[in-house]
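Let's take a walk through a protein model together. Keep the picture at hand and find each place as we come to it.

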Amino acid sequence: MEKIHNPILRGFHPDPSIIRVGEDYYIATSTFEWWPGVRLHHSTDLIHWELIEYPLNRVSQLDLRGVGASQGIWAPCLTYDKGVFYLVYTIVRSFYCNMYDTENYLVTAENIHGPWSEPTPLNNFGFDPSLFHDDNGKKYMVSMVTDHRIPKKYIGRLVLQEFDAAQKKMVGPVKDIYCADGIFLEGPHIFKRHGFYYLFSADTGTGEGHGQTIQRSRNIWGPYEMYRPFDEKRQEGEAYSILTSRHHEDILLQKAGHCDLVETQNGEWYAVHLCGRASEERNPANVERFAGDRRYMLDRETAIQKMRWTDDDWLVMAEGENTPKELVEPPEFVGKNDISKRDNISEKNQALICDNFDAPKLHLDYQSLRVPMSEYYLSLTERAGWLRMYGRSGLASKFSQTLIARRMTEYSINAKTCLEFEPEVFKQMAGLILMYDTENYLYLHITHDEDLGKCITLLKAENKKYEYLTDYIPLETGRDIILGLTVRGVWTQFLYGYRDVCEKDEKLLQKTGPCINASFLSDEACREGWFTGTMIGICCQDLTGFGKYADFDWFEVQAGNMEK
């Protein structure tokens, strides 16, 4: 029988929340400053997943203009009750400061594919809100609490409040259900089973010490008792984690934690959780933040583990211990019928490799930064079979830039694009980008130089330190250009060539600049943001304000061969 291979959602897919509705499973993951908001995947077997429509796809639902790197959408929670899908989420607008601004909202839909409602505001005590539907008809929201006081009253704090669905507002008192001086908890979910309310929470941040705890109470308001497995392995101050990688640096799935739970049709239990696959590089020992930590270019991904309930009604991993597994047994119901269903997945949702821009809309795999790519930014109809991108603001803009990108999903990647672009001044640029955030990227782009005319160069931005890694290389006008990159481990090589020469034989592409250690494009190395992941994109800038456009004929991103 085919096994589940972790991670199930590869590349930047953190903070998973899962539900089952009939035979269908859905996972929601965080998108931070990337637009549209909240990534949704669907499966019928927990093995194979397809990307479906984003629920937050209107500016009236989500306005991310101006938010900082790794801010925006945090930790969505997807639930279902009596024919209605509920999605709660946080918009973080102030984070790198003393007083966080964490706005919590709810949207609903009767169909997972939408349309989703306009947002209902909830309380803003902290981030990671989760909605619980009790069997008595009441609904409650639990979240962590931020504390700007110095020193904080508690290191970790969770609050609970009732939500009135009819009035569409929070009602009644806000009560602490967890306060601790030693163990920090976030990402809480509440479940009910056999008369117990279970408080299922992430512990110890999101780095390599991350984990997952579980508590229970006979009363939703508490007090909650924490399950304490593997106590003999616990160090002073360490969380009592039922899932963690913190003692096993050698395994593939690091940073394991931030779980959500689902029960199958046959009564089997699975937990989805975030994880990370480390690169071979570490931060220097003398840096201010995360000194010596391993670098994770792919960010935090989504994995799944099989769980079981003990005889005394505590949740543990199915195979014992608390270490995440790379290969997991699938549910019992997986069989031939599910294979036939997978074969019928609509073509638009098949994994994208090469996009020829023949469709009337952009593929779902693309996201833009903070704003939707309206006709002001791009067009798929101005030139049939091409994507026209109108140059707007520069790459540092948090308000208006023309850029679409796809996730880097492996440490071996090939990417290429073909474009037609005739810049007139040096302030006009278009090309291929490997990007973490607005302060960190590698950008191979065509531009114009007063002496050379049309030319190409490679720009590196590392925490706002900028340098060109090549001279300006002259290009002939009137000829389409292929731009490419390869990633092998953390080493990245950019390439370019004329289409009429290189399209039939990519070996004729010329190397542009040195082979670059790109591990600075990672959670641990970036100064401002550390919650997203490396993206591969195409973009266009025109700093004159006249909107000079570039036409892209195709864009390809695929897993490479580490041997090359």
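What you see is a predicted model, in which local features need a pLDDT of at least 70, side-chain atom pairs count only at pLDDT 80 or more, and totals for chains, interfaces and linings use all residues. Residues are numbered from 1 along each chain as its sequence is written, and side-chain values use heavy atoms, with hydrogens and water left out.

The term pLDDT stands for the predictor's confidence in each residue, on a scale from 0 to 100. For the protein chain, the mean pLDDT is 94, and 96% of the residues reach 70 or more. Residues 343–349 have a pLDDT below 50, and beyond near neighbours in sequence this stretch has eight contacts in the model. A contact here means heavy atoms within 4.5 Å.

Now find S241, in the loop between β18 (225–226) and β19 (243–244). Strands such as these are DSSP runs (E, at least two residues), just as helices are (H or I, at least four residues), and they are numbered from the N terminus. Is S241 buried or exposed? Its relative accessible area is 4%, so S241 is buried. The cut-offs are under 20% relative accessible area for buried, over 50% for exposed, and partly exposed in between (1.4 Å probe, protein chains only).

Which residues does S241 touch? Not counting residues up to four places away in sequence, they are D203, G211, Q212, T213, P229, F230, R246 and N322. With D203, the side chain of S241 also makes a polar contact of 2.8 Å. A polar contact is a pair of N or O atoms within 3.5 Å; within protein, one must be able to donate a hydrogen and the other to accept it, and residues adjacent in sequence count only if both atoms are side-chain atoms.

Next come the prolines. G114 and P115 are joined by a cis peptide bond, with omega about 5°, and P115 sits in the loop between β9 (101–109) and β10 (120–121). The bond from I150 to P151 is cis as well, with omega near -5°; look for P151 in the loop between β12 (139–144) and β13 (156–164).

Finally, look at phi. V38, in the loop between β4 (34–35) and β5 (39–43), is not a glycine, yet its phi is positive, near 70°. V38 has 0% relative accessibility, so it counts as buried. F290, another non-glycine residue, has a positive phi of about 60°. F290 lies in the loop between β21 (269–276) and β22 (300–309) and counts as partly exposed because its relative accessibility is 30%.
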